[in-house]
Amino acid sequence: MFKKFFNTMNQENTDNVEKEIVANEINDVQSPESVEETGVELTAEERLAEDLAKEKDKFLRLFAEFENFKKRTAKERIDLFKTANQEVLQAMLPVLDDFDRALVQISKNDTTEEQQLLKGVELIHEKLKSTLVSKGLEQVDIKAGDDFNADFAEAITQIPAPTEDLKGKIVDVVEKGYKLGEKIIRFPKVVIGQ
């Protein structure tokens, strides 16, 4: 019963749409657009030329939209390839930090055995660092004495400035920051003098 009711409704809707299309085609043929301002009706050739111009305009607009779409998707794809390694590189950053801390601790001892250990750790550290750099990782260049910019660094605390020239500037870099291409994937954590 319901199927029959819906089939009847669909048939009526289809009939109404077909009637509207026919009515629109008749209106297009008899539309005032086909009559010039002087009241003279356009010839068939002039109407066809006008329709051709309209279709050409539609085609050019559609072609331009498609070209813009292609350029936009190509750019998005390139950006995606550039940042595809982002998660892996972010996961490796704590390991790089651990190497930096280990190097500082090992270099404090002056024994021969510790110096050999230091050389080995430095070699592994450099190899890891060069591998990450080859994948697009760069260290954010920021150091003590630079002006603080919230777009490139994250302030974790403020301390009284040791000197007047360090007020509002970076006193210490607690954690290095890194970027992948132009995108910062980890902001450097800094201490600011007040």
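Modeller: What follows is one connected walk, from the chain as a whole to the helix pair and then to the residues around it.

Please keep in mind that this is a predicted model. Of the 194 residues of the chain, 19% count as buried. Among the contacts between residues at least 6 apart in sequence, 61% join residues at least 24 apart.

Now to the helix pair itself. Two packed helices are described by the angle between their axes and the distance between the axes. Helix α3 covers residues 86-107 and helix α4 covers residues 112-134, and their axes come within 10 Å and cross at roughly 155 degrees. Because angles over 145 degrees count as roughly antiparallel, α3 is described as roughly antiparallel to α4. The crossing in which α3 passes α4 is left-handed. On the side of α3, the contact is made by L89, M92, V95, L96, F99, D100, L103, I106 and S107, while α4 brings E114, L117, L118, V121, E122, I124, H125, L128, K129 and L132 to the contact. Sorted by class, the contact of α3 with α4 has 13 nonpolar, two polar and four charged residues.

In soluble globular proteins, nonpolar side chains tend to be buried together. The largest nonpolar core of this model holds 14 residues, and those that touch the most other members are L89, L132, L137, Y178 and I185. Helix α3, helix α4 and strand β4 (178-180) each supply at least two residues of this core, and the largest share, six residues, comes from α3. Apart from this core lies another one, of five residues, including I142, A153, I170 and V190.

Not counting residues up to four places away in sequence, L137 touches L89, L93, L132, Y178, K179, L180 and I185. Q86, which is found in helix α3, is buried, with a relative accessible area of 16%, because buried means under 20%. Leaving aside its neighbours within four places in sequence, Q86 is in contact with L180, K183 and I185.

E138 lies in strand β1, residues 137-139, and with a relative accessible area of 39% E138 is partly exposed. Beyond its neighbours within four places in sequence, E138 is in contact with G177, Y178, K179 and G181. The C-alpha atoms of E138 and I184, which are 46 residues apart along the chain, are separated by 9.1 Å.

At 1% relative accessibility, G177 counts as buried. Apart from residues up to four places away in sequence, G177 touches E138, Q139, V140, R186, F187 and P188. Finally, the C-alpha atoms of G177 and A153 are separated by 7.7 Å, although these two residues are 24 residues apart along the chain.

Methods. Residues numbered from 1 in each chain as written. Predicted model: local features only at pLDDT ≥ 70, side-chain atom pairs only at ≥ 80, totals over all residues. Heavy atoms only, no water. Axes fitted to C-alpha atoms, helices over the stretch in contact; angles between N-to-C directions. Helix = DSSP H or I, 4+ residues; strand = E, 2+ residues; numbered from the N terminus. Parallel < 35°, antiparallel > 145°, perpendicular 65-115°, else oblique. Left-handed = near helix turned anticlockwise from the far one by under 90°. Contact = heavy atoms within 4.5 Å. Nonpolar A, V, L, I, M, F, W, Y, C, P; charged D, E, K, R; others polar. Buried < 20%, exposed > 50% of the residue type's maximum accessible area, 1.4 Å probe, protein only. Core = buried A, V, L, I, M, F, W, Y, C linked by side-chain atoms within 4.5 Å.
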